[in-house]
Amino acid sequence: MVLAKSFPVLSFITKSEIPFLLKHQKRFLPLLCCPSSFITRTVKNYSFNLHSMKRINRLSTSAILNSSAPLHQTSGEKLSRKAKKKEHMELPESLLKYKLDMCSRHGKLVEALQLYDEARENGVPLSQYHYNVMLYLCSSAGSGSLGQDGSENDENLKDLGMRRGFEIFQQMAIDNVAPNEATFTNAARLATAREDPEMAFDLVKKMKNFGIPPRLRSYGPALFGFCTKGNADKAYEVDEHMVDSGVLAEESELSALLKVSVDAKKADKVYELLHRIRATVRQVSESSAQIVEDWFKSNFAASVGVESWDVNKIKEGVVKGGGGWHGQGWLGSGNWRIRRTQMDKKGVCQSCGEKLVCIDIDPKETENFASSLTKLACEKEAKTGFAKFQAWLQKHGPFDAVIDGANVGLVNQHHFNFFQVNFVMNKLREMSPSKRFPLLILHKRRVHGKPDKDPRHKKLLETWEKSGALYATPLGSDDDWYWLYAAVHCNCLLVTNDEMRDHLFQLLGSSFFPRWKEKHQVRISVSKRSIQLHMPPPYSIVIQESETGSWHVPTVTGDDLETPRQWLCATRSKNVSSSLSNIF
């Protein structure tokens, strides 16, 4: 009390809540010219962990040592960045964040709830991040997908997750903590766990009121919830909302819509969704293939279709669509004959004998894609001198083929093999109309240093360099941008076994890229006896709808290198005769 009378500010501190003291410690603690036990006695009635107590003692002791220091310290006396970071990490809210992250990683809902409850009792400020972690854990428990070993993941845990999840979501609103997309998505997952997809859909709609654009995952709970309940019309409503919001459905969403349409016997929707899958997915997973197969085997599918049609209109539809489909509806009548089959090297179906077509790419699409790629490559590789490569390619190109050297030299090898690359270089040179080498892209470390010390390697490198067929990408660069840019710029073949699925290629964000890759990628297979080049197929590996009404659906089973790709072939016995009757 004597201290309080002497220093009025201490009277305010001793009456304040400890969270306030911690929050404003930098302002008040330098004035504490008292033993460290003073603050220790002040906080003994509060529930703080050992780290927080040590921190308070340390700060109070520091105040004694610096009692003679002026109130405003110079910049040289301020805490270092490392010390400030350490200080921040020791805050109660930071410690809580770390512990909740550990609970989230290991799926420990009960422990996370205990931490959350203790934090609220102790007045620890909770942020959007804290709430979102709790909502994620609760919604995961509610849906039975915590990812644990099964010891906790039972009905009681599900009930606990749903009950506490909604409480926490309401508390977040009471505390005026602003939500984000993750908040609404987790709340929607809670609603679906409670078998209330209507609430999940309402939550997505409310996101716009907060200026938050929904993502694909935001719609999942409502869409899958309605599909599981067999409510096709509401599922279509969610799908329509997705389209209006500019969110593109992927295979899992389209497959769910396809299944609910098949079950609801909505033939027009099945037809529409098959074409959406054709345009978006191209090759389907086994689960999607099973849904397609179930449709063609159903009695209802046998009753759908026209027995006669305008052949000219069908041909016009094929031309307008670029080939491989017409979009004029189900053709033919009667039962479907559905088979699992393969295509030969020319694209002839081994089940029905029909030849698949090669679907053209619009030159304008190629031009737009090239522009987008150029912009991205220049942005991502600006520091490594990508502009220099562009100028070099302008001078030495165009090429008939581009080789991803790093990939080709390591196919079926433990170490980089220059002679394997040389074989591919010579083979493509023989195939080239101009009889010139293809462009080889190699990283600088494979061209200079250790590689060129071997006289055989050095001779190969010199031959390629003199021919203007070798470009060494600089240190710090990603050579993927170089060989992809060169192949697109030259509109030529690209030799690589890289599936081009990582983040770099996802940046392209275009449905065009898979089509371009299918027509330009050359893959290689290496064995002890031979090296084989696998040229792009003479047909498009995509769902195809023929002019006679038959369907061919490619699956992801098989890669046409080691094992043949599996296809679904669906034909009708009356397809051919019905169409021919309209020709004569």
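This is a predicted model: local features need pLDDT of at least 70, side-chain atom pairs count only at pLDDT 80 or more; totals for chains, interfaces and linings use all residues.

Colleague: Which helices are included in what covers the buried residues of helix 15?

Modeller: Helix 15 comprises residues 232–244. Its buried residues include Ala 232, Tyr 236, Asp 239 and Met 242. The cover over the buried residues of this helix includes helix 13, helix 14, helix 16 and helix 17.

Colleague: What distance does helix 15 reach from its first C-alpha to its last?

Modeller: Helix 15 has 13 residues, and at 1.5 Å a residue the expected span is 18 Å. The model lies close to that expectation, with a reach of 18 Å.

Colleague: Is Gln 420 buried or exposed?

Modeller: Gln 420 is placed in helix 24, residues 418–431. Residues it touches include Val 408, Leu 410, Ile 524 and Ile 531. Buried means under 20% relative accessible area. Because the relative accessibility of Gln 420 is 3%, this residue counts as buried.

Colleague: With which side chain does the side chain of Gln 420 make a polar contact?

Modeller: Gln 413 is among the residues that Gln 420 touches. The two side chains make a polar contact at 2.8 Å, and the partner is therefore, by the cut-off of 3.5 Å, the side chain of Gln 413.

Colleague: What is the relative accessible area of Gly 405?

Modeller: Gly 405 is in helix 23, residues 405–408. Gly 405 touches Phe 416, Val 421, Leu 440, Ile 441 and Leu 442, leaving aside residues up to four places away in sequence. Gly 405 is buried, and its relative accessible area is 0%.

How values were computed
Residues are numbered from 1 along each chain as its sequence is written. Side-chain values use heavy atoms; hydrogens and water are left out. Helices (H or I, at least four residues) and strands (E, at least two) are DSSP runs, numbered from the N terminus. Buried means under 20% relative accessible area, exposed over 50%, partly exposed in between (1.4 Å probe, protein chains only). A polar contact is a pair of N or O atoms within 3.5 Å; within protein, one must be able to donate a hydrogen and the other to accept it, and residues adjacent in sequence count only if both atoms are side-chain atoms. Contact means heavy atoms within 4.5 Å. The expected span of a helix is 1.5 Å times one less than its number of residues.
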